[in-house]
Amino acid sequence: MTRGKEHFRETVLKTPFHSRTAPLNKLNDWHRWKNYTTAGSYFDVSLEYFAIRNSCSVFDLTPMTKHRITGADALPFLNRLVTRNVDKIKPGRVGYAVWCDDAGQVIDDGTIFHLRPGEYRLCSQERQLDWLQRSALGFDVKIKEETHEVAGLAFQGPTTCAVLKQMGLTGIEALKPYGLTYFDFQGAELMVSRTGFTGDLGYELWIAPAAAEALWDGLFAAGRHYGITPMGNQALDIARIEAGFIQAGVDFLPADVAVRPNRTRSPFELGLGWLVDFKKPNFTGRRALKAESERGSKYHLVKLDVEGNKPARDAFVYNRRKKVVGTVTSAVWSPSAKANIALASVEMPWGLSGDELFAEIYYQRELKWTRLMARCQVVDGIFFDPPRKRATPPGDF
Amino acid sequence: MTERIIIVGGGHNGLVCAAYLARAGKQVLVLEAAETVGGAARTREFAPGFQVSACAHLLWGLDPRVTRELNLARHGLRLVEENLGTVALAEDGQHLTIRDDRVDGTMLSSADQAAFRAYRDRMARFAALLAKLYGRRPPRLGGGDWTDLLGVGRMGLDIRLLGREDMREFLRIAGINIFDVLEESLQHPLLKGALALDAVLGSHLGPRSNNSVLTALHRLSRGGRASLPAGGMGSVGAALSAAAQDAGADVRTGAPVTRIVVEAGRATGVVLGNGESLAASAVVSNADPKTTFLNLVGAAELETGFANKIHHVRMRGDAAKLHLALDGLPTFTHLAPTALAERLVIAPDLPYVERAFDHAKYGEYSTHPVLEVTVPTIKDSSLAPDGKHVLSAIVQYAPYEHKAGWAQARAGFLQVIMDTLARYAPDLPGLVSHAELLTPADIEAEFRITGGHWHHGELALDQFLMLRPVPGAAQYHTPVDGLYLCGAGAHPGGGVMGTAGANAAAAVIAREKRP
């Protein structure tokens, strides 16, 4: 990868795993993700997906935006930035978090890794350096974007723990969900967190770019008999919808890029009210969110079980077939739940649990467009929620 | 729980606010850092036996409502001169004298005089519109509150009521620069220079900068008459303090507030420099917005967007203050000794003023500065020993940060100013027994104003009305419950007038009685 003054010579960057992912990309299916070329799929989306649920699968997440946050005020800074209480993310733990503008509208979501006492990494979908720096006014804190300095792999699926043990990560089975720990990997420091975007048993592996290829090779050697495959982002997307995870730019519009009113959403409107801690005296968006919690929200994010098997992608959501009350933001046929599932942003109070909604689905059958008003059931739980994702130590699959 | 309202800073607006709150039956405590109240309206000694109005040196008209309702005459405010004329100095002695809508001078045609009258009358009508807006709380946009919508409607109606011609003209010139407006209205270079000075005094603006019509109107909004209080500007502070105490407020000096305490999103008190904590049911800050929010409250207690808006408030002063102790009255070329009591300005033409500003843009002082000079001792001999005089001048432009540092640059700037004065009054340098030059950095330190900017923030369309100091704090209350602004950083801005303090008091009374 080219960095520093030469970056402009390459319009698309290659991740440190490129020498390994490129030969595996039988479809030559590449797309741009934050200026890196990354695989949409390697050989077959379905097989890649089933590896996540039945064996193990590797996803190159290097382009994920990463920030290192240090300094005497790192903790108060983060507590002012995000809506949740960061005190509770102890060293060696990871927490999901969301941050808002002053109007209480979500800018992005991400994960906070408490790497070492007082030293944090914030991962996010969108670039956040500008907002983080503005948020740093009045805090003794150092913020560094380290996206290019850290290579990352998501390693997801039931056999992942067994493979990591095989690779020599002794004691990895003791790592609890949302925990992180360090290993020596051929002289490089390997950080392993039990996190992921699939809602399954899985880990994320973080290492210096120089050691990236060795890590990939070690992983695939150890996983040879455990059904290891690479996955592209299409397979991952199916898994994340099943897990009910939302994505910036898909399920909500980052507040800092929205132009039109009513296009942004608050944490409450995204089903993330559990991340808002009013016991904290101050965080950005607190006043607006407190008012919203007293007045009631305008929208909510619902999980839909859609009749039939045609994915309700981009569908309008109707109440009693007459009035448009929302939009589907993510939809897919769930192979594991055997259900036609969707996430939708719906105006309050429509679709409060148990309410019946309809999705207007257009699909082609032998080149003829067909319109379908599919009945949708609002569901409370997660579409696919295997106990293995919580078990410590994980089962030896 | 205490019912006491604490006012941070005993500047004129803080005292006005205190007086109104106390009259409304509130328990009020004013905390002033300095040993005397008044803030920028303060008289102090600068050389043994010589007193001067140390920051603002002319009173351009207190808000008449404040003067009347607080009965300032009874509390000792007396003017030694109610309507100073302005003498636009010419190096060759062909000076002009401006008073209200009249201008006189030897080289002036009747056409010049008529043009000036027309210009001045039109500007006065527009300034009267501003004065109407100044007395009211600016509406909050986008909140959906009907009183705010009504406020916007009233504002629109007031503009419409100017009449079709004036409305169009007002909307045309309100955001543009005084240079263009003077060029299209008047011929006489010296007259245009003197009027341009009115627009740029105390601002980081040159005549060609946009917004300089607005600042000219701001100066005229209280009638455009400069007066001299007996005993200097400090007597304004003293009279307001007496009025506030008479109404029941307590005023403590030598009590610098170092922190405004915020608990669970509400201001609950202050901490003083000596460590003393004082509880309050509400805190009203007379300090400028940056000092209030970034130093006293702290950015960490605010939300990111708001803290950054405050951080970006433009307030870097460009005005220096010169105080001279004189052994006798200087002689200005071809100027009658009686005219020395007027307001003397050095701004010979528009390009001169613009060029003076150019230096400030690059961190340098003007090599040919513009000056507003007063010799207050002619009307008020109490300020100096018998037979001696005080000269007080506002000098522009002096950047807040000189590129070489003021420690290096100060002596050179003082020399430039003295050379400039000597071109008009050759005997003046020989009469000086003591000179004091306050740069914006000195003004910042002495008067605790960020950037040394008298107006507590540039007076410009982006920091005006419901945008002053920033949206979210433009109606005197702030995102911190129980914390209010009452200083010049709030609507309607700077100049010793007390309107912000009076408006803020009304906002505090209306808001704090809510359950």
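**Entry 1: two helices in chain A**

I started with helix α2 (residues 45-54) of chain A and helix α7 (residues 233-243) of chain A, which pack at an angle of about 50° with their axes 8 Å apart. I kept in mind throughout that this is a predicted model. I noted the crossing of α2(A) past α7(A) as right-handed.

Next I looked up who touches whom. From α2(A) I listed A:Val45, A:Glu48, A:Tyr49 and A:Ile52, which meet A:Gln234, A:Ala235, A:Ile238 and A:Ala239 of α7(A). Sorted by class, this contact has six nonpolar residues, one polar and one charged.

Is α7(A) enclosed or open? I found eight of its eleven residues buried, so α7(A) is largely enclosed by the rest of the structure. My list of the buried ones reads A:Asn233, A:Ala235, A:Leu236, A:Ile238, A:Ala239, A:Arg240, A:Ile241 and A:Glu242. I was glad to see charged residues noted down too, with A:Arg240 and A:Glu242 among the buried ones.

What do these buried residues pack against? In chain A I found α2 together with the strands β2 (36-41), β3 (56-60), β16 (323-334) and β17 (339-347).

**Entry 2: two helices in chain B**

I then turned to helix α3 (residues 110-134) of chain B and helix α4 (residues 146-160) of chain B, which pack at about 165° with axes 10 Å apart. That angle is over 145 degrees, and α3(B) and α4(B) are therefore roughly antiparallel to each other. Their crossing is right-handed.

The contact uses B:Leu129, B:Lys132 and B:Leu133 from α3(B), and B:Met155, B:Asp158 and B:Ile159 from α4(B). By class I have four nonpolar residues, no polar ones and two charged.

**Entry 3: where the chains meet**

Last, I checked the contact between the chains, to which chain A and chain B each give 15 residues. On the side of chain B that touches chain A, the elements giving two or more residues are α10 (289-298) and α11 (304-311) of chain B. Which element gives the largest share of that side? I found α11(B), with six residues. The residues of this side of chain B come out as seven nonpolar, six polar and two charged.

Notes: Residues are numbered from 1 along each chain as its sequence is written. Chains are lettered from A and ligands numbered from 1 in the order in which they are written. This is a predicted model: local features need pLDDT of at least 70, side-chain atom pairs count only at pLDDT 80 or more; totals for chains, interfaces and linings use all residues. Two residues are in contact if their C-beta atoms, placed from the backbone, lie within 7 Å. Helices (H or I, at least four residues) and strands (E, at least two) are DSSP runs, numbered from the N terminus. Axes are lines fitted to C-alpha atoms, for helices over the stretch in contact, and angles run from 0 to 180 degrees between N-to-C directions. A crossing is left-handed if the near helix is turned anticlockwise from the far one by less than a right angle, and right-handed if clockwise. A residue is buried if 20 or more other C-beta atoms lie within 10 Å of its own, exposed if 12 or fewer, and partly exposed in between; C-beta atoms are placed from the backbone. Angles under 35 degrees count as roughly parallel, over 145 as roughly antiparallel, 65 to 115 as roughly perpendicular and the rest as oblique.
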